[in-house]
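Dear colleague,

I am passing on the structure you will find just below, and after it come my notes on what was found there. Please read them with the structure open beside you.

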Amino acid sequence: MSLAASVFNQCLDRGAKGQIPTFSNFVSTVSQKKEAENRSSPTHLVFPNIKNVRDLPPICLDVRQKQRISIDVLSSEMKAPVLPEPLLPIQPKTMKDFQEDVEKVKTSGDWKTVHDFYLTTFDSFPELNTAFKKDATALFNTIEDSGINAKFVNAVYDALLSTPQDIQKTVLKGIINSLLREWKGPRSKDDLRAYFILLQNPQFNNTSTYVIYAHLLRQIAALVEADHHFLVHWFKKLSQKRFKQLVERLLQFISLRLFPAKPEEFPPITKCSWWIPSASKVLALLNTANNLVHPPLIPYTDFYNSTLDHIDLMEEYHTWQSFGNSHRFSFCQYPFVISIAAKKIIIQRDSEQQMISIARQSLVDKVSRRQRPDMNMLFLNMKVRRTHLVSDSLDELTRKRADLKKKLKVTFVGEAGLDMGGLTKEWFLLLNRQIFHPDYALLTLMGLAVYNSITLDIRFPPCCYKKLLSPPIVPEDQNTPVGICSVTIDDLCQIMPLLRPEEVEILVCGSPELDMHALQRSTQYDGYAKTDVTIRYFWDVVLGFPLDLQKKLLHFTTGSDRVPVGGMADLNFKISKNETSTNWLPVAHTCFNQLCLPPYKSKKDLKQKLIIGISNSEGFGLE
């Protein structure tokens with residue numbers, strides 16, 4: 001009996017009857033016994049000699065962003081030597097044989113044949129290849145074909161969870177044996193196939209198997225780049241169902257290690273700090289595989305880990321800023337697992353910290369020169385006329401360049417409104433409409449400069465010029481669409497590596513899709529109850545509005561007709577009772593996303609005055 005088997009049986013004897021025990025004690029016991037043997041034997045401890053996650057090769061952003069190329073054109077230092085594949089015994093059973101054996105158990109109740117199959121198959125990496133390789137004599141040294149009978153693997157794993165506990169323990173014991181073996185030199189393709197098969201084991205959904213799962217992930221994460229190259233291309237060949245299961249299993253593993261329901265099930269975090277980095281590296285391989293398929297196997301949002309919304313995101317961000325991708329682990333090294341809502345929080349808090357820091361420095365400078373400080377010095381104050389919005393804005397930005405990173409406050413000349421956020425939103429909305437309006441001729445100006453051999457210091461990202469030059473030849477028909485071209489992840493990486501194109505669009509533009517029912521569910525009331533007749537009239541009217549009027553209502557009350565990251569609930573929309581004459585129109589405080597609504601007596605009266613109010617909403621004043 002092998003050392004691993006001996007210790008495994010001891011662990012089983014200590015475990016609860018009928019349950020798969022946890023394996024933290026198992027690994028430590030193996031290590032102790034192994035050390036005892038080493039005093040009289042040259043055999044070495046079989047785990048990889050990696051003291052901490054820093055010793056693992058970096059595969060995070062590189063794996064996600066590098067363009068994948070054929071293994072044949074990899075540089076010599078990237079290539080892993082192609083080892084001769086070991087001769088494998090003849091495949092003992094076909095998938096049909098296995099399925100027939102499983103069917104026989106239903107009538108006979110005798111699991112011996114099935115047990116023997118699992119015992120043999122999962123005993124070692126060569127046996128895994130013997131069982132599941134399509135052709136035991138073929139090399140399959142290609143990125144596009146793993147050489148594995150995927151249907152057979154699925155059938156074996158689907159049946160496994162319905163087998164008795166002793167068979168499931170046998171499989172886990174075999175996996176431990178395989179992972180504990182000493183490996184010298186680079187892995188063969190059969191080794192990669194074994195890792196590929198073991199990673200799909202559904203037993204790893206159970207927290208009691210997490211110690212084994214963690215060591216499997218660690219060994220996969222520690223593979224060289226060329227081996228990862230093969231695994232990435234094999235992953236993309238999985239069915240959508242199996243691929244999604246792999247992703248969900250890894251995300252659950254990370255979540256439960258961060259916030260364990262039963263902490264006693266896991267080793268102390270200080271002894272397994274490499275668990276999450278290893279799982280994240282393997283997730284990076286799956287994310288790369290997903291990006292290679294068009295359309296992707298699963299939506300990019302399926303890689304989001306909502307658990308991360310509850311950790312100290314700014315600490316993760318500062319760790320990443322300080323150490324980058326090469327030293328201490330940070331989830332910011334793997335931005336595809338961070339939700340767009342969490343990214344928005346990071347960006348907002350980073351901006352706020354910069355604003356506070358710059359305002360503090362301005363205050364210190366003022367005091368050091370023995371000048372009296374005033375509140376205006378803490379802000380970027382923009383004073384503009386609506387009739388000269390663009391020219392006034394450009395003048396202000398030019399004169400106040402040193403204040404650009406202070407918090408923005410906008411004043412419209414001739415209006416008494418105080419900017420608590422609403423005027424700023426209004427300024428951006430109006431400025432955006434004017435600058436990019438065709439009549440303003442921003443791009444025509446650029447073309448005119450090139451035509452006259454004038455160099456302009458306008459630094460658009462390359463993807464903008466890529467669109468401007470599509471098609472490369474000016475069409476004869478002036479009505480032919482131009483600027484129609486596809487931009488890729490590589491184009492976006494030049495601008496924001498921390499985000500995906502879809503996420504940038506949501507952060508900048510918000511979502512155009514309005515869910516007024518969601519707004520109704522999240523609305524707060526002041527002076528009204530949601531059952532009051534005026535409120536019932538209001539929602540009957542609003543839910544019946546066409547889309548253009550719903551957008552006008554959103555713009556009237558919030559300063560924008562777009563839905564922010566996080567959806568309608570993030571608007572913190574409030575309806576307050578306005579104790580004025582019902583002849584008055586509704587009033588909005590866009591700084592607070594608040595609608596002040598008089599207690600109109602009829603639905604008709606409310607609808608008429610609401611439409612008038614939201615259709616004539618430009619301008620600010622004080623009550």
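**Notes on the structure**

Asn572 lies in the loop between helix 24 and strand 4 (574-577), where helices (H or I, at least four residues) and strands (E, at least two) are DSSP runs numbered from the N terminus. Its phi is positive, at about 50 degrees, although Asn572 is not a glycine. With a relative accessible area of 49%, Asn572 is partly exposed; buried means under 20% relative accessible area, exposed means over 50%, and partly exposed is in between, with a 1.4 Å probe and protein chains only.

Please keep in mind that this is a predicted model, in which local features need pLDDT of at least 70 and side-chain atom pairs count only at pLDDT 80 or more, whereas totals for chains, interfaces and linings use all residues. Residues are numbered from 1 along each chain as its sequence is written, and side-chain values use heavy atoms, with hydrogens and water left out.

**The protein as a whole**

The protein has 25 helices and six strands, and 43% of its 623 residues are buried.

**The annotated cysteine**

The UniProt annotation "active site", which comes from an unreviewed entry, covers Cys591; UniProt positions are given in the numbering used here, feature names are shortened, and annotations may be inferred rather than shown by experiment. Cys591 is placed in the loop between strand 5 (587-589) and strand 6 (594-597), and at 22% relative accessibility it counts as partly exposed. If residues up to four places away in sequence are not counted, Cys591 touches Leu418, Asp419, Met420, Gly421 and Gly422, contact meaning heavy atoms within 4.5 Å.

Helix 17 (residues 422-435) has 14 residues and reaches 20 Å from its first C-alpha to its last, close to the 20 Å expected at 1.5 Å a residue, the expected span being 1.5 Å times one less than the number of residues.

In helix 16 the buried residues are Leu389, Val390, Asp392, Ser393 and Glu396. Seen down the axis of helix 16, these buried residues fall within an arc of 165 degrees, so they line one face of the helix; the arc is that of the directions from the helix axis to the C-beta atoms. The face of helix 16 turned away from its buried side carries the exposed residues Thr398 and Arg399, while what covers the buried residues includes strand 1, strand 2 and helix 17.

Leaving aside neighbours within four places in sequence, Asp392 is in contact with Val384 and Arg385. Asp395 is also found in helix 16 but is partly exposed, with a relative accessible area of 48%, and its C-alpha is 9.6 Å from that of Met382, 13 residues apart in sequence.

**Backbone points in loops**

The peptide bond from His294 to Pro295 is cis, with omega near 0 degrees, and Pro295 is placed in the loop between helix 13 (275-292) and helix 14 (313-323). Arg370, in the loop between helix 15 (340-368) and strand 1, has a positive phi near 60 degrees in a residue other than glycine, and it is exposed, with a relative accessible area of 82%.
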